[in-house]
Amino acid sequence: MTTDNGSWTDFVPTITKPIVYTYKYRKVIQKYWKIMQVKLNSGRPSVIITGRAGVGKSVLAAHYHGEANTQDWNEPGTSTDVEIKPITIGEWTKIVAVIPGQNTKERARALDEALNKANKLDGVIHVVDWGFTSIRDSAVRKEMVESKGLDSIEKIRAHNLALELKDFELMLDKLAMSISNNRGPEWLVIAVNKVDLFENRLLTAEQYYNPSCTSEFTDKM
Ligand SMILES: Nc1nc2c(ncn2[C@@H]2O[C@H](COP(=O)(O)OP(=O)(O)O)[C@@H](O)[C@H]2O)c(=O)[nH]1
Ligand SMILES: [Mg+2]
């Protein structure tokens with residue numbers, strides 16, 4: 001309800017104005033409330049980001065958290081700890097935990113906590129990169145060339161894709177268990193990352209990951 005000379009709030013008695021403002025700014029308030037909860041360490045993640053080490057989970061989360069746009073942002077190192085961030089995409093704000101990709105105790109514990117112990121999960125964002133996983137460690141890179149004969153990009157990609165598939169299978173097992181215990185998640189998103197590296201083959205990548213197509217990956221789903 002508006003008039004020609006002012007907004008509806010101008011006609012509301014002063015005492016009710018904070019309520020009107022609370023309603024008007026409810027999205028903003030929700031966002032800062034979530035940020036405060038994370039700061040106080042009481043915010044429980046309702047979404048987790050999973051996927052192998054090096055697929056780009058931290059960069060993705062930082063982007064949606066808004067960190068990557070600030071000047072003092074550095075590219076994250078390979079993480080072994082769980083990163084917890086409030087993430088806003090459009091009007092959607094959730095507390096998201098990035099589960100480290102390495103097969104470590106921290107990873108097993110974080111997954112178990114999220115899937116079997118903490119409050120019911122809303123969703124899982126599983127990040128994949130169609131084999132374009134970057135290998136940071138030069139010793140590992142050297143070892144791959146010398147003992148596994150992975151001396152071309154295509155061979156490394158095929159190797160990465162096989163590992164990604166195996167990792168996805170393990171993840172699906174854990175999700176199935178959690179769902180059978182009535183704990184969720186309610187949805188699973190496959191986030192195909194690094195598309196800048198295969199822009200000219202996007203349709204082929206989509207055939208591999210899109211649940212309506214047939215591939216080794218979608219078979220598992
Ligand atoms: N080309 C390209 N590289 C990316 C993209 N996202 C992440 N990376 C790179 O992939 C590497 C691993 O990213 P990171 O977020 O640390 O992976 P995490 O181990 O899954 O958390 C880093 O060197 C990133 O710069 C992307 O969309 N395109
Ligand atoms: Mg990371």
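Helices (H or I, at least four residues) and strands (E, at least two) are DSSP runs, numbered from the N terminus.

This is a predicted model, in which local features need pLDDT of at least 70 and side-chain atom pairs count only at pLDDT 80 or more, while totals for chains, interfaces and linings use all residues. Residues are numbered from 1 along each chain as its sequence is written, chains are lettered from A and ligands numbered from 1 in the order in which they are written, and side-chain values use heavy atoms, with hydrogens and water left out.

**Stop 1: the whole chain.** Buried means under 20% relative accessible area, exposed over 50%, and partly exposed in between (1.4 Å probe, protein chains only).

**Stop 2: strand β4.** Select residues 123-128. Six of the six residues of β4 are buried, so this strand is largely enclosed by the rest of the structure. In a regular strand the side chains alternate between the two faces of the sheet. On one side of β4 are Gly123, Ile125 and Val127, and on the other Val124, His126 and Val128.

Stop 3: Two strands pair if DSSP finds at least two bridges between them. Look at Gly123: Val47 stands opposite Gly123, and in β5 the bridge partner of Gly123 is Trp187.

**Stop 4: Lys94.** Go to strand β3 (residues 92-98), where Lys94 is found. Is Lys94 buried or exposed? Lys94 counts as buried, at 19% relative accessibility. Its side chain and that of Asp122 are joined by a polar contact of 2.8 Å. A polar contact is a pair of N or O atoms within 3.5 Å; within protein, one must be able to donate a hydrogen and the other to accept it, and residues adjacent in sequence count only if both atoms are side-chain atoms.

**Stop 5: Ile29.** Finally, select helix α2 (residues 26-39), in which Ile29 lies. With a relative accessible area of 43%, Ile29 is partly exposed.
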